[in-house]
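Subject: Structure handover and notes

Dear colleague,

I am passing on the structure we talked about, together with some notes to read beside it. Please open it first and keep it in view while you go through what follows.

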Amino acid sequence: IAATQPSTNWHLKENAKDHHTSKFSSKELIVRRGQAFIVTFNGIEQPEQNLTFIAETGPNPSKLAKTQATFGISSTASKESWSAVLQSTSSNSVSISISSPSNAVIGRYKLSVRSTSSGSSSPASLGTFVLLFNPWSSDDDVFMPNKAECEEYVLEEFGIIFAGNKNHINSFGWNFAQFQGDILNICLSMLDRSLNYRQDPATDVSHRNDPKYLGRVLSAMVNANDDQGVLLGNWSGNYDGGKSPSSWTGSAEILQNWKKSGFKPVRYGQCWVFAAVLTTVLRCLGIPTRTITNFSSAHDADGNLRVDEFYDASGNHLDRAADSIWNFHVWNESWFSRSDLDPSYSGWQVLDATPQEESGGIYQCGPASRNAIKEGEVDLDYDCPFVFAEVNADCMYWNYDPTTGKKTLMYSESTVIGQFISTKAVGRDDRVDVTNYYKYEEGSTKERDIFKKARKKLGLEDKFDPTAPTPQEIDQKPDIAGKFKVAGPLDIGKDLNLILVLANLQSDAKTVHINMTAWSTVYTRRPVNEIWKDSISVTLSPKEEKQFPIKLPYAGYQQQLTTDNMIQVTALCHVEGGIQVLVQRDITLDNPAIDVQVLGEAKVNKEVDVEVIFTNPIDTEVMDCVLQVEGNDLLRGVLEIDVPPLKASETSSTKFKLIPFQTGPKHLLVNFSCDKFADIKTFKTVNVID
């Protein structure tokens, strides 16, 4: 073709602008499928009609597997196949517009050229480029017609994740960082480390045109189970040997640590960390993705759309069932069409990278169509029964006697699971409730009909379930009602004041023996440490309501708390001559606040000071204070600053410098930890000007 190797001008800036890939900081061309890009070659001495281009990806490219394409110059671009259209020529350079089909395999391609006239001369390499999904192209499976949604769900690197519990929703910022450093390369190498690739590389690569295939594979790769994936889960409350899941502020550090260690799983993750990393990978590859938080989320281990919880006579929540009800659970939704199903099931698809139950023999979950979940179509691919249960399962609360193994139903609930399903608003930092996209209104006949339909499809209606309560057990009515009320602030460092309210529903007096406990838990409501227990006996006059104040002093719970700052209080009420009544409440305590101030104007390439202020709210010294800061385009990597110990009520001011390197609104994420308070988080929007 030429005496020397041809040189290639990839027109990086112009192509990146056209393909919405300007945020990547790569020296390599990154483009989206189904859309043309311009390349100029110098040093080609052939007439352009004699040129044949070869684009290929994967370890053994083939035309049959659609991982190799050969194409000459044509007069117009093709929609169905790879094509090249001549833009301009000069003495020894030629500019070509290359188009890929909108269902092309994504990944890193080699581009080469050979001359048709010089027989079988070996092709000359022109270099490599990366091809991604294209949500801006109407022919792509991931096409998202709303441009503001494309900006948020593909291009936005800052997210807000919701946590806490249904009575007390809180949130924190996250840096998805999908365009930073070598994150794209790490995402591509993640695909090459999957079990599917290891078993059959050529077939795996040939499926990489399909978002539902990639979503499922990546939901397995983000957790370490089965495949030495990215993150090792840990829900024990003890995070020695790694970083506590609540201490991360972004995905980049996790993905870079995974690569640096030679792809050993990073310690440790919990659901929002798995979901945030999966968001990073999918947004990076061009699949619109968001995080979703479900409050009172069911983990139905045995697939019967029912969650069983067990309590002993003292009111202790027993960790004996495989089922559980998490205070919250975070998963993902990704946007793409379902060519394998009816078109009505396209749109948002649930993916979940948290290793909870095996699917197809490995820990992966989804894509489950959100529309299918709402309509109870639990027989559709993939993992719809599990996701349906997460938002719809019925709950059964049992009293269990460990000595005899006897269990007695205390009560059942059908409206408690799946509440305040939340995600970040498009273009704003607000919470948006998406519960009504997952199910019909709780308590409506439509919602119960869908639940029955799902049970029927799973074959649960016809088969006898020896573990299920009898209709008599379900219909039994308690003599008393109870609830815990919060009296005062829910702040760590302050005593926790509650009121147990009991009401006699009958017109005769009732004697009640009450066993109360308080345990610290992780957010999955798994009990970790006992904080307090007490027993009282009371007589309630007919229709009488009584209040019993409860005080849990800070000194009594401080040592027992996990980094989730959660406490479960229960009162098991044994009513003489009646059925037992369980009263319980999950409490999330708030950390003290930290304040972040940018001192002066933030300008590109100019130093600006930032001050972080923290006041110790308790009457003892806090030690081992560490400040962790990150923010794209504001600083590189994660900044860690040791802060001196703080005496009771003392305020600390920590200053550090930023040198912003991009204009626009940027997010600074701050995490402060010490021996008494874990992972106090905040974020600050910094407007960087020229």
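How far apart do the end C-alpha atoms of residues 263-355 lie, and what share of the span is helix and what share strand? The end C-alpha atoms lie 18 Å apart, and the span is 16% helix and 44% strand. These residues carry a label in UniProt, where an unreviewed entry places the feature "domain: Transglutaminase-like" at 263-355. Please bear in mind throughout that this is a predicted model.

**Domains**

The protein is divided into domain 1 (8-132), domain 2 (147-458), domain 3 (477-588) and domain 4 (594-688). Between the C-alpha centres of domain 1 and domain 3 there is a distance of 68 Å.

The largest pocket has a volume of about 1400 Å³. Its lining is made up of 44 residues, and those closest to the centre of the pocket are Lys23, Glu157, Gln180, Asp633 and Gln662. Two or more lining residues come from each of α1 (12-18), β2 (29-32), α7 (251-260) and β37 (664-673). Sorted by class, the lining of this largest pocket holds 16 charged, 16 polar and 12 nonpolar residues.

The second largest pocket has a volume of about 720 Å³. It is lined by 33 residues, and Tyr397, Tyr411, Glu413, Leu582 and Gln584 are the ones that lie nearest its centre. The elements that give two or more residues to this lining are β17 (324-336), β21 (406-413), α13 (471-475), β24 (480-486) and β30 (581-588), and the largest share, six residues, comes from β30. Which domains each supply at least three residues to the lining of the second largest pocket? They are domain 2 (147-458) and domain 3 (477-588). By class, this lining has 16 nonpolar, nine polar and eight charged residues.

**Cavities**

When the whole structure is searched, three cavities of 30 Å³ or more are found. The largest cavity has a volume of about 60 Å³, and its lining consists of Glu152, Tyr153, Gly159, Ile160, Phe176, Arg283, Arg290, Thr291, Thr423 and Lys424. Two or more of these lining residues are given by each of α2 (147-155), β10 (158-165), β14 (289-299) and β22 (419-424). In terms of class, the lining of the largest cavity has four charged, three polar and three nonpolar residues.

The second largest cavity has a volume of about 50 Å³, and the residues that line it are Ile373, Lys374, Phe388, Asn392, Tyr438, Lys439, Tyr440, Glu447, Ile450 and Phe451. At least two residues of this lining are supplied by each of α9 (370-374), α10 (384-392) and α12 (445-457), with the largest share, three residues, coming from α12. The lining of the second largest cavity divides into six nonpolar, three charged and one polar residue.

Strand β33 (residues 608-615) pairs with β36 in the antiparallel sense over eight bridges, and Asp609 has Lys657 of β36 as its bridge partner.

Another open sheet has four strands in the order β27-β26-β29-β30, and here too the pairing is antiparallel. Its edge strands are β27 (527-540) and β30, each of which pairs on one side only. Strand β26 (residues 510-521) and strand β29 (residues 566-575) run antiparallel and are joined by 10 bridges, and His513 stands opposite His574 in β29. The edge strand β30 is also the element that gives six residues to the lining of the second largest pocket.

With best wishes

Definitions and conventions:
Residues are numbered from 1 along each chain as its sequence is written. This is a predicted model: local features need pLDDT of at least 70, side-chain atom pairs count only at pLDDT 80 or more; totals for chains, interfaces and linings use all residues. Side-chain values use heavy atoms; hydrogens and water are left out. On a 1 Å grid over the protein atoms alone, a cavity is a set of points where a 1.4 Å probe fits but cannot get out, and a pocket is an open set with protein on both sides within 12 Å along at least five of seven lines; lining residues have an atom within 4 Å of a point. Grid points are joined across faces, edges and corners, and a volume is the space filled by probe spheres set on the points. Ala, Val, Leu, Ile, Met, Phe, Trp, Tyr, Cys and Pro count as nonpolar, Asp, Glu, Lys and Arg as charged, and the others, Gly among them, as polar. Domain bounds come from an automatic or database domain assignment. UniProt positions are given in the numbering used here, feature names are shortened, and annotations may be inferred rather than shown by experiment. Two strands pair if DSSP finds at least two bridges between them.
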